[in-house]
Amino acid sequence: MKILIVDDEPFVIRLLSHQLDRLGFTDVTAHEHPRTALEALESGAITPHMILLDLQMPEIDGIEFVRHLTRLNYRGGLILVSGEDERILRTARRLAEAHRLDIRGALHKPVTPAALSELLGKPANTPFKTGSTPILNKAIRKTYDGPQILRAIEDGEFVNVYQPKVRFSDGQLVGVETLVRWQHPEDGLVFPDQFITEAEDKGLINELTRVILEQALEQAYRWRVDGLELHVSVNISMDSLSSLDFPDYLARVVEERKVPARQLVLEVTESRLMKDALVALDVCSRLRLKHIGLSIDDFGTGHSSLAQLRDIPFDELKVDRQFVHNARRDPVSRAILEGSLAMSKQLGMHSVAEGVEDEDDWALLRELGCDIAQGYFVSKPMFPHALTRWIEEWEGRRAALVDR
């Protein structure tokens, strides 16, 4: 493994280099000046698999350096090193994650060999082969414009995948979340972060949402015929709740698809401020009167706030993944998680934890009394035909998880 140390303190560089050597990592390059390190990265003079980055540096600090790594499309691992306050480290880590960098963790100065060894032994989000060098990838991320999205809607290119949701108490499958994908004729399966914002900006989100909803309800009916009574959750933008005829449209579609209204849950993701709060309150209230479930999605992030929880008749609270995964080891995330779950109980709402990624997450959420689990530990999103096979596999795991 090729390792780059970027730290303005010569003593720290010597200490880290010595510790790395004793751990068996001998291909180590160090730079005291972040600017020269960036120049070497940009020119290809160094191609590290891992960077140990100090946050507090002159000229270019660690936060700026992270921004440059994103510009260079760096695909190696990153470990933050700092003597700063724990919360600054945590914020810097979340920033690196938001930039989609492979952040392995953060180390406090003075760094101990045990802590360094633990982080260097973590698996990569983006695996690399030993000896490989193409860490900097200048490929440009493809974007799609409004006319392309409209054409795809008209040609029926948007399809749904479904991620299972199970009860913590008994591991029983209770529902699925609907996630849209674009089956592009040339680019293959395109994920929503490449087209949802554009659809909202170009006024196409309502049309796209109705396609997703109708497909989801048709699938829910097919599952009912097969004996599976599942709640089907569909993500709804606040833009979709700004139309006063939306509840009537939804009630009609539910009836046409022969699915009980109580089996449909709308996950409200407030990615932008409400244009008209009164219309949203009107629409949401009528949806609940029609027995359609309302879930406040990504609670604690964006505009999904306590005010919305107070004003809109939600019956489900979905805790965002950033407060769920690794909460046992992150006291701030755990405090927010426990507070959210306690609030949902006091308000008589179901609680859903998204981002349950491993058995440790499962055990903590079950211990805290969360109602429903969703995440890769349970299952990745899948096409409908794969659900039957997944159920068989899950039954083999379920008993062991709930008997503990």
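Throughout these legends, two residues are in contact when heavy atoms of theirs lie within 4.5 Å. The model shown is predicted.

**View 1. The open sheet of five strands.** Here, five strands with parallel pairing form an open sheet, and their order is E2-E1-E3-E4-E5. Strand E2 (28–31) and strand E5 (102–108) are the edge strands, each pairing on one side only. From one strand to the next, the twist averages 20°. Helix H1, residues 10–22, packs on this sheet and touches E1, E2 and E3. The direction of H1 makes about 160° with that of E1.

**View 2. Strand E1 and its two partners.** Strand E1 (residues 3–6) pairs with strand E3 (residues 50–54) in the parallel sense, over four bridges. E1 also pairs with E2 in the parallel sense, again over four bridges. Which residues stand opposite Ile-5 in E3 and E2? In E3 the residue is Leu-52, and in E2 it is Ala-30. For Ile-3, the bridge partner in E3 is Met-50. Looking at the side chains of E1, you will find Ile-3 and Ile-5 pointing one way and Leu-4 and Val-6 the other way, and all are buried.

**View 3. Strand E5, at an edge of the sheet.** Strand E5 pairs with strand E4 (residues 77–82) in the parallel sense over six bridges. One place to look is Leu-80, which stands opposite Ala-106 in E5. Although E5 is an edge strand, five of its seven residues are buried, so E5 is largely enclosed by the rest of the structure.

**View 4. Helices H8 and H9.** In this view, helix H8 (residues 205–225) meets helix H9 (residues 246–256): their axes come within 10 Å and cross at roughly 30°. Angles under 35 degrees count as roughly parallel, and H8 and H9 are therefore roughly parallel to each other. The crossing in which H8 passes H9 is right-handed. On the H8 side, the contact is made by Arg-210, Leu-213, Glu-214 and Leu-217, while H9 brings Phe-246, Tyr-249, Leu-250, Val-253 and Val-254. Sorted by kind, the residues of this contact are seven nonpolar, two charged and no polar.

View 5. Most residues other than glycine have a negative phi, and most peptide bonds are trans. Against that background, the peptide bond from Lys-109 to Pro-110 is cis, with omega near -5°. Pro-110 lies in the loop between E5 and helix H5 (113–120). Glu-59 is not a glycine, yet its phi is positive, at about 65°; this residue lies in the loop between E3 and helix H3 (62–71). Asn-73, in the loop between H3 and E4, is not a glycine either and has a positive phi of about 60°. Are Glu-59 and Asn-73 buried or exposed? Glu-59 is exposed, with a relative accessible area of 60%, whereas Asn-73 counts as buried at 13% relative accessibility.

Notes. Residues numbered from 1 in each chain as written. Predicted model: local features only at pLDDT ≥ 70, side-chain atom pairs only at ≥ 80, totals over all residues. Heavy atoms only, no water. Axes fitted to C-alpha atoms, helices over the stretch in contact; angles between N-to-C directions. Helix = DSSP H or I, 4+ residues; strand = E, 2+ residues; numbered from the N terminus. Parallel < 35°, antiparallel > 145°, perpendicular 65-115°, else oblique. Left-handed = near helix turned anticlockwise from the far one by under 90°. Nonpolar A, V, L, I, M, F, W, Y, C, P; charged D, E, K, R; others polar. Pairing = 2+ DSSP bridges. Buried < 20%, exposed > 50% of the residue type's maximum accessible area, 1.4 Å probe, protein only.
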